[in-house]
Amino acid sequence: MTYEGRTLVVGDDVDTDAIIPAQYLVTTDPTELGRHCLQGLDPALPGKIQTGAILVAGRNFGCGSSREHAVLALKGAGIRCVVARSFARIFFRNAINLGFPVIECPGLEGIEEGHLVSVDLGAGVIRDISTQREYRMARLPHFILEILTAGGLVPWAKEKEARWR
Amino acid sequence: MVEAIIARHAGRTVAAGEFVEVPVDFVLANDITAPLAIRAFRELGVERVFDPERVALVPDHFTPNKDVRSAEQCRVTREFAREQGIHYFEVGHGGIEHVLLPERGLVLPGEIVVGGDSHTCTYGALGAFATGMGSTDVGYSMATGKTWVRVPKTIRVELRGLLSRWVMGKDVVLHLIEKVGTSGANWCAFEFGGEIGSLPLDDRFTVANMAVEAGATAGLFPPDEEVLAYLEDRAARPFTPLYPDPDASYAEVIEVDLGNLRPLVARPHSPANVVPVDELDEVPIDQVVIGSCTNGRWRDLLMAAEVLRGRRVHPEVRCVVIPGTQGLHLRAVREGLAEVFLTAGAVLSPPTCGPCLGGHMGVLAAGESCVSTTNRNFRGRMGHPESKVYLANPAVAAASAVLGRIASPEELFGEGRG
């Protein structure tokens, strides 16, 4: 799987209240949630997100609450995947469970807003096409990759229905 | 201790970092996370939950329903609970999930508990491996009675000494979060040991509750006599406590001298941005919130009442007190705490998570500051993005309500440090 897109860059410790403020947790509709994506960080951000964008973040992306609405908001806003120096545990699980690619890259630095970037999951490489720099991503464990490739936990479980029947 | 609990459930030895599928003993969700969990459950094509006695849905975040849309989310949750015959705690019969479920004896030592709420780790105070997950994970667990976990590394926290009068579990955990940072314990579990008897059980709930603010998967205390006595008349089913292996090795050992701790405050906008109250410059405040899954228990209410008894809330401060459950609210009425709060000029709210996440019952306007006994002070957490939240223990919150600025109870009681 390879994703290519223009970057949107955010900093460290972007929490789930920043990704989707709690006032919008009265719906589970991704499109509606997507309209408020990252609004808690900057009210102007939802208007700036381009469909197909790759979100580049610092450390501990998605810390805070367990709200899966955060992943739905990112998906609903049209973000293709998130590349971060590290992720908070629950957000990471939620993303994988919903088949949304989250790529950890501890050595990530120097990727600026609007750069064209490609993310090659198979090769384990993030390429900043604008600067020609390459970054190695932390490899996803086989088990996690299996869920992600299936499209999330529900399709993965359905494929393995025999596990509990 | 975490490894021992996972190993017993997996039926084999496990090592930190490993991915393991385990049976779960209890599954929960709230009015925000349940609707999505129910959707995942339906998509799995399963008819019934794995065991109705071991699933609870607790409406607490936007309840009593704050608007039509939250009412609809509660309706979806309630109807599913009725259909499946699982635990559902209606307004007037329940409270905040992480205060309520231990009170009802539904989460127990040695168990694996997964919940659609990041503060599910609260039950670590009872010696359970309890961890927060998202809705899809919860839907999967409701359907299958299983989950997958990555066995966390263990950080041992050795407690020594005795707490000073106005120092509480909140200060212990804020100190710990300051020490390790907001992601320092990611994919790790805290295991508390040493002189844990120095922390009353209510304070241990606070400590375990905020383990997630350091990124931890869980925070566990070994279940001592106090825990076993607490559960004697309330445990909903038999349980087998597990304790740390004396030869266990740890990723890291942290020592905390309880006697040296002072009342602390976490400044905006991070729970790790910690400073002793008495080193803070003067911060005028607009609101105080005393309650939540972090600090809405009996000792929390008692400490706040001790400060507010015979005093008045500052005329420019709104003080909202929220007992964690219906039972605690009733006890506060019976034992005179309600009168203390109301006489002081605080309002007494029904149990709800409400203001903690900017839901209702005390949302902040632009430029306002709040001292809150809750767990997160992220930007915009309690309302407008330009509002500020300072996290503190209930005694500090109450003293701040009286003085109209962030203050230690020591100022009101004429004591020096300690």
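This is a predicted model: local features need pLDDT of at least 70, side-chain atom pairs count only at pLDDT 80 or more; totals for chains, interfaces and linings use all residues.
View 1

**View 2. Where domain 1 of chain B meets domain 2 of chain B.** Zooming in on the contacts, we find 36 residues of domain 1 of chain B touching 36 residues of domain 2 of chain B. On the domain 1 side, the elements that each put in two or more residues are α4 (97–103), α6 (169–180) and α7 (201–209) of chain B. The top contributor to that side is α6(B), which supplies 6 residues.

**View 3. Chain B as a whole.** Stepping back, chain B has 18 strands and 14 helices. Its radius of gyration comes out at 20 Å, close to the 22 Å the globule rule gives for 418 residues, so chain B is as compact as a globular protein of that length. Along the principal axes, the C-alpha atoms of chain B fill a box of roughly 55 × 55 × 40 Å.

**View 4. Inside chain B.** Of the 418 residues in chain B, 60% are buried. Take the contacts in chain B between residues at least 6 apart in sequence: 78% of them join residues at least 24 apart.

Terms used:
Residues are numbered from 1 along each chain as its sequence is written. Chains are lettered from A and ligands numbered from 1 in the order in which they are written. Helices (H or I, at least four residues) and strands (E, at least two) are DSSP runs, numbered from the N terminus. The radius of gyration is taken over C-alpha atoms; the globule rule is 2.2 Å times the number of residues to the power 0.38. A residue is buried if 20 or more other C-beta atoms lie within 10 Å of its own, exposed if 12 or fewer, and partly exposed in between; C-beta atoms are placed from the backbone. Two residues are in contact if their C-beta atoms, placed from the backbone, lie within 7 Å.
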